[in-house]
Amino acid sequence: MALSLYSSTSSSAIPGSVASSNSIPSPEIKGPWIGSFRPLDRGCFPLKSGNIHRQRRCQSKPVSAEMNRGDSVVPLAATSGSVEVSKKVETEDYEKLAKELENASPLEIIDNALEKFGNDIAIAFSGAEDVALIEYARLTGRPFRVFSLDTGRLNPETYQFFDTYMFPDAVEVQALVRTKGLFSFYEDGHQECCRVRKVRPLRRALKGLRAWITGQRKDQSPGTRAHIPVVQVDPSFEGLDGGDGSLIKWNPVANVDGRDIWNFLRAMNVPINLLHSRGYVSIGCEPCTRPVLPGQHEREGRWWWEDAKAKECGLHKGNIKQKEGNGVTQTYGNITESDIFNSQNLIALSRTGIENLAALENRSEPWIVVLYAPWCQYCQAMEQSYVELAETLAGSGVKVGKFRADGDQKAFAGQELQLGSFPTILFFPKHSSRPVKYPSEKRDVNSLMAFVNAFR
């Protein structure tokens, strides 16, 4: 997995920022650079303005740098003459600090992080949130560093947005591909591929730091990120000093709504990956990312063939539930969720109710039923459209129902109700015993109505 890295002086413009009458000109670069991702003129990067895209008109040249396998990438930039190497940070109560900063702005949180860790902290760059992080860091006026991971399988538009220099461990990638092929993740999950192309390179990079900054938001993935704090001791990776507690993880936009991130980017006229204008909200590797459709949650475009609870690549695996010694399972975000799809026009079916409905060969009325889990962000994303569908169909002779199919009901729903992943939508025709599974991922009201009308 490639790492592209740069250090910024306090007067450097954000990489990919857009030139404007009040923009700060980029000074001459001081100190060595790893990779070719440099904070150049804002006008040198893609800009989406309305429906017009201005392509960058200049190219930065890569800087040659050799490194041994297994070496940490990040320390190589620490020789920059413009940034002081910070001393080891004293022990601090980060749970207490997280509570103190809970209502702080991203700018205040990033300023706090950069002040505490100096050259021993870096921003992990990949998506829109991380572009915002870089802009916030620039606004602090403090020196900051950025690194990016290149899996070798990113979209062309992503490679156009920033340049990468180093790549995944060739031996590990070759062994994986020769053993299981290029697309094994469609059959047995994405974890193995992500471990080789993302997690291990990140682990090596973080070993050269004492802290890192991520773009995680609570509303990105309610199933795994709902309770991330703005700062925490990293539960999964080790830092420069090694051992538990040696790496601090900052999540400055944890409490920021996704819409506010985009409002900030537009207000600051910061360029974005061109894929965002084509329906991609969360962007990862090309084979594992696709645009989201109306009514879908932003993370539904990632690893769409897998369960919502598994949609972490391993970079933030501390968000995934862990088994404790007493057998109790605890999860960030896997708390008791309030029920969804609540409407007087919706009928909540019990296990017995859905069994009886499925067993009928001649129904007096057709039914459309959603199989759901209240914690599933994709179910949450379609709640409004499904409730609106129920209101539209009220009095039409079509019953609209819901069946909670997680937990103890999941195995039954998988065997008897065609449940593959949440949400699954079934139409029970009036004169047919077998329900029809909704095949599309378009969950807006018009698409759902077209499905219903096709069978009545």
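Trainee: Where does Pro 423 lie?
Mentor: In this predicted model, Pro 423 is in the loop between helix 12 (410-416) and strand 14 (424-428).

Trainee: And the peptide bond from Phe 422 to Pro 423, is that cis or trans?
Mentor: That bond is cis, and its omega is near -10 degrees. For background, most peptide bonds are trans.

Trainee: Which loop holds Gln 418?
Mentor: Gln 418 also sits between helix 12 and strand 14. Its phi is positive, about 65 degrees, although Gln 418 is not a glycine.

Trainee: Is Gln 418 buried, partly exposed or exposed?
Mentor: Gln 418 counts as partly exposed, because its relative accessibility is 25% and that class runs between 20% and 50%.

Trainee: New topic! What is phi of Phe 341 near?
Mentor: Phi of Phe 341 is near 55 degrees, a positive value in a residue other than glycine. In general, most residues other than glycine have a negative phi.

Trainee: Where is Phe 341, then?
Mentor: You'll find Phe 341 in the loop between strand 10 (329-330) and strand 11 (347-348).

Trainee: Why does Phe 341 count as buried?
Mentor: Because its relative accessibility is 0%, and buried means under 20%.

Trainee: What is the relative accessible area of Phe 183?
Mentor: The value is 44%, so Phe 183 is partly exposed.

Key: Residues are numbered from 1 along each chain as its sequence is written. This is a predicted model: local features need pLDDT of at least 70, side-chain atom pairs count only at pLDDT 80 or more; totals for chains, interfaces and linings use all residues. Side-chain values use heavy atoms; hydrogens and water are left out. Buried means under 20% relative accessible area, exposed over 50%, partly exposed in between (1.4 Å probe, protein chains only). Helices (H or I, at least four residues) and strands (E, at least two) are DSSP runs, numbered from the N terminus.
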